[in-house]
2 protein chains.
Amino acid sequence: MSLEEQMIALGRDARAGAEALRRADAAQRSAAIRAMAVRLREHAPQVLAANAADLAAATRHHDRLMLDSARFEAIATALEDVAALPDPVGAELARWKRPNGLDIARVRTPIGVIGMIYEARPNVTADAAAICVRSGNAVILRPGSDCFATSQAIHGALAQGLEDAGLPASAVQIVPTTDRAAVGALLEGLGGNLDLVIPRGGKSLVERVQAEARVPVLGHLEGVCHTYVHEAADAAKAAAIVANAKLRRVSVCGATETLLIDRAALPMLPAIAEALRGCELRGDAEAAAIVPMLPAHEADWGTEYLAPVLSIRTVSDWRQAAAHIARYGTGHTEAIITEDADVAESFLGQVDSAIVLWNASTQFADGGEFGFGAEIGIATGKLHARGPVGPDQLTSFKYVVRGSGQTRS
Amino acid sequence: MSLEEQMIALGRDARAGAEALRRADAAQRSAAIRAMAVRLREHAPQVLAANAADLAAATRHHDRLMLDSARFEAIATALEDVAALPDPVGAELARWKRPNGLDIARVRTPIGVIGMIYEARPNVTADAAAICVRSGNAVILRPGSDCFATSQAIHGALAQGLEDAGLPASAVQIVPTTDRAAVGALLEGLGGNLDLVIPRGGKSLVERVQAEARVPVLGHLEGVCHTYVHEAADAAKAAAIVANAKLRRVSVCGATETLLIDRAALPMLPAIAEALRGCELRGDAEAAAIVPMLPAHEADWGTEYLAPVLSIRTVSDWRQAAAHIARYGTGHTEAIITEDADVAESFLGQVDSAIVLWNASTQFADGGEFGFGAEIGIATGKLHARGPVGPDQLTSFKYVVRGSGQTRS
């Protein structure tokens, strides 16, 4: 069988798996995810051995790739957490009655078959499988070659868990090769048996998927996130929030990359810089006149550093801050720090990013922090889902109309 | 300027128009749609003259294309209806508080710039413009060549209405040529200035758009809709509903094309056939043994007749009916006729179409009948929107998070 034929067969099997998942009930989907956790723990030796092999072969990303027993345990626990989440399938989103007596309900349904294309993060294998099963969707996993052995070992355990719960292993499949042509086949849509592709990884992966996919894409582009300190900010909150937004973890997509600060708020800058100790600052001339720092260049405004580096720009008011964000931001997450409720609401209303915050850290951009229980990524597009993508966001809906013999005039 | 450059400029202008619409408030968007209706009525002579020219040049679709004064008035009235609809932008879809005190709201936002590609239906020009303005989106209209002059005349009036209300005409633009290369430019995404394409027309148009688009598509594929008469159906309801579902208007996508009937319900078939007088029946051998009719062939089960023709298939139970629908249906609209609530709920739960009805006509598949006030089409995909697409369905959302100094641990 050629790779192309193999991939088409994978899609056909996934469609059958999706049908089985859709027809299962919430209890069976929960049982399957719990069984996946049990089997994963049983397979710890195999998974860790595979990870050692991946690590030995890898030339980069060792930290992202490495599983120790604590990280392994966190993956298994995350499965149990998803098993305990409310099942979204069949949930009523709205219900209303028409003057002619028709009773119309909008209820959640699974999407179908989801393709997950990701890079060297072994936890995504289990997270994506659990979130897809929770939402009634089959998934085809395509891990990066760096974590291929680890992902295969994890997948073997998950497949057994599905079968333990009476569901077909075809509901969670893994592409059996690191051949990049397999990605091409996924992007072509597997002969109509792939409903959605989710790329999770670096900018070049996401851009390739968005450019080439013949199926809908739930993309997660980079996060060039901003924190804006308004002149009416509380100085202590500003320092604490900016430091947290930048430094809590510098490698997450919700980390702030640019500080925008009102000219009138520049007296707060020394305390903010003090809270940012250890962070490289690159600012415009006005900021650098207050706190010595490197000069920022045009390229800085559009850069996702994912490192302890912060660019700083002085603005005259919230409108200029919003204009800067519209021009250089990626529509991910932005915050305003102010005690002026009117200005805060104007900023929240006018800035068109997936997440806008008032007096809180941009690092809250996370499905867990939103109460979604789990997330598969943060979508930066505006279609279907936007922001953290959890089980609810991986559903579609249908209209259920209950009548008593109505005909249309 | 080459056509390609012209189209890119159109996209850039549309982005500016979208920004203006997004920043406008609900009252201004309502005023703009009302002003569009006023200007349209003023332009009645020009629009009807353009329509006469289109009709004279057209070799087909004269009925769909033709505007008389009643149809013209219906278009203007539809604008006023949309002006009176609630404005979706900024509406709170959900709001909850986290244990750390963060107050999270999900609020509707416009999508941005929408491309509308349609065939010979002059009313779509005004309907699409009004629904897009209502939802804060700019629109680029690309009418079929058959109704090009009519659509240009209508568009000229709408653009004046926008300006009357202080909004830029770039919020509603029309592709200034019938050159098919313009469609290609739209499908390429106008250099990042097109967020969504909505094709509305025949199967070949929709399929071309879905195959070639580099931007998300809200597709409306054909409706091969089914009505299933269960053995526990009320015979009078069955006859009335089947006749209405097939014959009320045969050319709409929600018209039933196939009747599925339980073997045990075949005694109801003569009365159903009587109610369907004037309709050509094509059935399987069991149906034809009860009521004389033409034989149905395999191709009939997948055909959207859009004509007074009905295919009839005998099934043993609701599961076989659901299996037939899964195999031959297009995921549009299906109905079950029964007095057995358990069977009805099983059917409603298991059939995965955009709209499923119990004891009601499939011809209710319509945004107006759902209470949406207006619709731009009926989406048959599962991403973003499904079923009738009104102003609410043309929005995205963002998360607005209000804090009091929270940082993430």
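This briefing covers sheets, helix packing and aromatic contacts in a predicted model. Local features need pLDDT of at least 70, side-chain atom pairs count only at pLDDT 80 or more, and totals for chains, interfaces and linings use all residues. Residues are numbered from 1 along each chain as its sequence is written, chains are lettered from A and ligands numbered from 1 in the order in which they are written, and side-chain values use heavy atoms, with hydrogens and water left out.

**Sheet in chain A**

- Chain A has an open sheet of four strands in the order β5-β4-β3-β6, with parallel pairing. Helices (H or I, at least four residues) and strands (E, at least two) are DSSP runs, numbered from the N terminus. Two strands pair if DSSP finds at least two bridges between them.
- The edges are β5 and β6 (196-200) of chain A; each has a single partner strand, so one side of each lacks a neighbour in the sheet.
- The twist averages 20° from one strand to the next. Axes are lines fitted to C-alpha atoms, for helices over the stretch in contact, and angles run from 0 to 180 degrees between N-to-C directions.
- Strand β4 (residues 138-142) of chain A pairs with β5(A) in the parallel sense over three bridges. A:L141 stands opposite A:I174 in β5(A).
- Helix α1 (residues 3-23) of chain A lies across β3 (113-118), β4 and β5 of chain A, at about 140° to β4(A). Contact means heavy atoms within 4.5 Å.
- Helix α9 (residues 203-212) of chain A also packs on the sheet, touching β3 and β6 of chain A; its direction makes about 160° with that of β6(A).

**A:Q173 in its strand**

- A:Q173 is found in β5 (residues 172-174) of chain A.
- A:Q173 counts as buried, because its relative accessibility is 11%. Buried means under 20% relative accessible area, exposed over 50%, partly exposed in between (1.4 Å probe, protein chains only).
- Leaving out residues up to four places away in sequence, A:Q173 touches A:L10, A:D13, A:A14, A:V139, A:I140, A:L141 and A:H155.

**Sheet in chain B**

- Chain B has an open sheet of four strands, ordered β5-β4-β3-β6 with parallel pairing. Its edge strands are β5 (172-174) and β6 (196-200) of chain B.
- Strand β4 (residues 138-142) of chain B pairs with β5(B) in the parallel sense over three bridges. B:V139 stands opposite B:V172 in β5(B).
- Helix α6 (residues 122-134) of chain B packs on the sheet and touches β3 (113-118), β4, β5 and β6 of chain B; its direction makes about 165° with that of β3(B).
- Helix α7 (residues 148-164) of chain B lies across β3, β4 and β5 of chain B, at about 155° to β5(B).

**Aromatic contacts**

- The structure holds 14 aromatic pairs over all chains. Rings of Phe, Tyr and Trp (its six-membered ring) pair if their centres lie within 6.5 Å; planes under 30 degrees apart count as stacked, over 60 as edge-to-face and the rest as tilted.
- B:Y228 and B:F347 are stacked, at 5.8 Å centre to centre and 25° between the planes. B:Y228 lies in β7 (residues 225-229) of chain B and B:F347 in α14 (residues 341-350) of chain B, so the pair ties together parts 119 residues apart in sequence. Both B:Y228 and B:F347 are buried.
- B:F370 and B:F372 form an edge-to-face pair, because their planes stand at 65°, with centres 5.8 Å apart. Both B:F370 and B:F372 are buried.
- One aromatic cluster is formed by A:W96, A:F397, A:Y399, B:F370 and B:F372.
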